[in-house]
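Subject: Handing over a structure

Hello,

Please open the structure below and keep it on screen while you read. My notes on what turned up follow it.

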Amino acid sequence: MMKIMLACSAGMSTSLLVTRMEKAAAERGLECKIWAVSETALTTEYAADPCDVLLIGPQVRFRLNSIKEQTKGEVPVEVIDMRTYGMMDGSKVLDQALKMYEDWKNK
């Protein structure tokens, strides 16, 4: 099972995106755990339940480097494309997470 964590300002705006990603994963027959957290709770959440991929909302893109430091390079971390995020396109964000995971495993 692939574990995908999303982080944004409060964890609220990504909740809808999580639902859409879960639907896209189910339609593809993929077993994924996908959840959203606020960027302020990220360190605690990551320590309690590490993920395979961490995606951050465009509104907290300025925290990308510090989030990468928090995860100590243990997982791939990227910003969700602003347009994809705005459209709440769960399928495209799931594609991004899957590609990140494959690239990470093959590096």
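Two strands pair if DSSP finds at least two bridges between them. Helices (H or I, at least four residues) and strands (E, at least two) are DSSP runs, numbered from the N terminus. With that in hand, look at L6: its bridge partner in β2 is A36.

Some ground rules. This is a predicted model, in which local features need pLDDT of at least 70 and side-chain atom pairs count only at pLDDT 80 or more, while totals for chains, interfaces and linings use all residues. Residues are numbered from 1 along each chain as its sequence is written, and side-chain values use heavy atoms, with hydrogens and water left out.

**The overall chain**

The protein chain has 5 helices and 4 strands. Along the sequence they follow the pattern β-α-β-α-β-α-β-α-α. The radius of gyration (taken over C-alpha atoms) is 12 Å.

Of the 107 residues, 43% are buried. Buried means under 20% relative accessible area, exposed over 50%, and partly exposed in between (1.4 Å probe, protein chains only). A contact means heavy atoms within 4.5 Å. Among contacts with a separation of 6 or more, 69% link residues 24 or more positions apart.

**The strands**

Start with β1, residues 2-8. It is mostly covered, with 6 of its 7 residues buried. Strand β2 (residues 32-38) runs parallel to β1, and 7 bridges join them. Strand β3 (residues 53-56) also pairs with β1 in the parallel sense, over 4 bridges. There, I4 stands opposite V53, and A7 stands opposite I56.

Next comes β3 itself. Both its faces are covered: V53 and L55 on one side, L54 and I56 on the other, are all buried. β3 pairs with strand β4 (residues 77-79) in the parallel sense, over 3 bridges. Here I56 has V79 of β4 as its bridge partner.

Is I4 buried or exposed? I4 counts as buried because its relative accessibility is 0%. Leaving out residues up to four places away in sequence, I4 touches M21, K33, I34, W35, V53, L55, L94 and A97. Take L94: it is 90 residues from I4 in sequence, yet 8.8 Å away in space, C-alpha to C-alpha.

**Cysteines**

How many disulfides does the structure hold? It holds 0. C8 is in no disulfide, and the nearest cysteine sulfur, in C51, is 14 Å away. A disulfide is a pair of cysteine sulfur atoms within 2.5 Å. C8 also counts as buried, at 1% relative accessibility. The sulfur of C32 is 12 Å from its closest cysteine sulfur, in C51, so it is too far for a bond.

**Rings and charges**

A charge sits over a ring if NZ of Lys or CZ of Arg is within 6 Å of the ring centre and within 35 degrees of the ring normal. The charged end of K33 sits over the ring of W35, 4.6 Å from its centre. K107 lies over the face of W104, 3.8 Å from the ring centre.

Best wishes

Key: Rg over C-alpha atoms; globule rule 2.2 N^0.38 Å.
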